[in-house]
Each structure stands twice: as C-alpha cells, then as structure tokens.
Amino acid sequence: MSSSHRFLKAARSLHLYLGVFTAPMLLFFAITGGLQTFSLHETTRGSSYKPPAWLASMAQLHKKQTTVMPMRRPRPVEAAVPTAGMGAAQAMMSSAPDAATGGGQLQHRASQPETPANRRRRTCCR
C-alpha cells in the first residue's frame with residue numbers, strides 16, 4: 001500500500017471513532033438544551049405543570065453534570081401589593097428593611113449624596 005492510502009485509511013478510522021463518541025453527546029446536548037429553552041424541565045410559579053422525572057434529571061445532567069436533584073427551599077410568602085395612592089418610590093421605601101434590623105441596600109442608596117456616579121448607578125441598576 002502506498003503512504004497516501006495508509007494515511008487516508010487512518011484518517012477515515014479516526015473520523016469514525018471521533019464521530020461514534022461525539023455524535024451521541026452532540027445529540028444529547030442539542031435535545032436537552034432545546035427542552036431547557038422552552039423551560040420544560042422546571043415548574044413555573046402559578047402553574048400546575050410538573051415535568052417528568054426523566055426530563056428534570058436529564059436537564060440536571062446537562063447543566064450540572066450530575067443527576068442528583070437539589071432540594072429546593074420553600075418560597076417565602078410575598079409581600080402585599082402597594083396601594084394605588086402611594087408613589088413607586090414610597091412603596092419601595094416602605095417595603096425596604098429597617099436600618100435597625102440590618103439595613104437595606106435601598107435605604108443605604110437613598111442616604112448617599114447625589115453625585116453623577118450615584119445617579120448613573122441608580123438608573124442603570126433597577
């Protein structure tokens with residue numbers, strides 16, 4: 001056999017083995033990624049949809065490289081909706097934690113002096 005024939009035979013074998021191992025992974029990640037795009041792997045708030053166990057497990061394998069599902073903490077009860085008479089800033093300030101109980105970032109920002117940097121930070125980070 002000529003050297004070019006041996007090279008082509010080796011390249012064809014290498015291509016076969018690389019394809020055998022990468023094609024299933026490529027299909028797995030494409031399918032599970034597509035399912036995650038449409039959020040079929042998790043429940044949403046206020047919905048009765050519960051994903052199948054195999055789908056949640058495969059999504060966990062896709063994201064975290066493990067099939068062990070983490071235990072979720074129960075969600076806290078949401079605060080009451082502010083009244084219509086209050087402005088948005090008043091509603092945000094009334095829902096912020098008190099400075100005596102650990103202080104809130106909202107009250108801390110309100111106590112900062114008005115500078116261009118603080119104004120930019122407040123407008124871009126809402």
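Trainee: Hi! By class, which residues make up the lining of the largest pocket?
Mentor: The lining has seven charged, five nonpolar and four polar residues. Charged covers Asp, Glu, Lys and Arg; nonpolar covers Ala, Val, Leu, Ile, Met, Phe, Trp, Tyr, Cys and Pro; the others, Gly among them, are polar. This is a predicted model, where local features need pLDDT of at least 70 and side-chain atom pairs pLDDT 80 or more, while totals for chains, interfaces and linings use all residues. Residues are numbered from 1 along each chain as its sequence is written, and side-chain values use heavy atoms, without hydrogens or water.

Trainee: What volume does the largest pocket have?
Mentor: About 470 Å³, taken as the space filled by probe spheres set on grid points joined across faces, edges and corners.

Trainee: And which residues are closest to its centre?
Mentor: His41, Glu42, Thr43, Met69 and Arg72, out of 16 lining residues. A pocket here is an open set of points on a 1 Å grid over the protein atoms alone, where a 1.4 Å probe fits, with protein on both sides within 12 Å along at least five of seven lines; lining residues have an atom within 4 Å of a point.

Trainee: New topic: how many residues does helix 1 have?
Mentor: Helix 1 has 35, residues 3-37. From first C-alpha to last it reaches 49 Å, close to the 51 Å expected at 1.5 Å a residue. Helices are DSSP runs (H or I, at least four residues) numbered from the N terminus, and the expected span is 1.5 Å times one less than the number of residues.

Trainee: Where is the kink in helix 1?
Mentor: At Thr22, shortly before Pro24, with a bend of about 30 degrees. That is the angle between axes fitted to the seven residues ending there and the seven starting there.

Trainee: Which residues in helix 1 are buried?
Mentor: Thr32, Gly33 and Gln36 are. Buried means under 20% relative accessible area, exposed over 50%, and partly exposed in between (1.4 Å probe, protein chains only).

Methods
Helix = DSSP H or I, 4+ residues; strand = E, 2+ residues; numbered from the N terminus.
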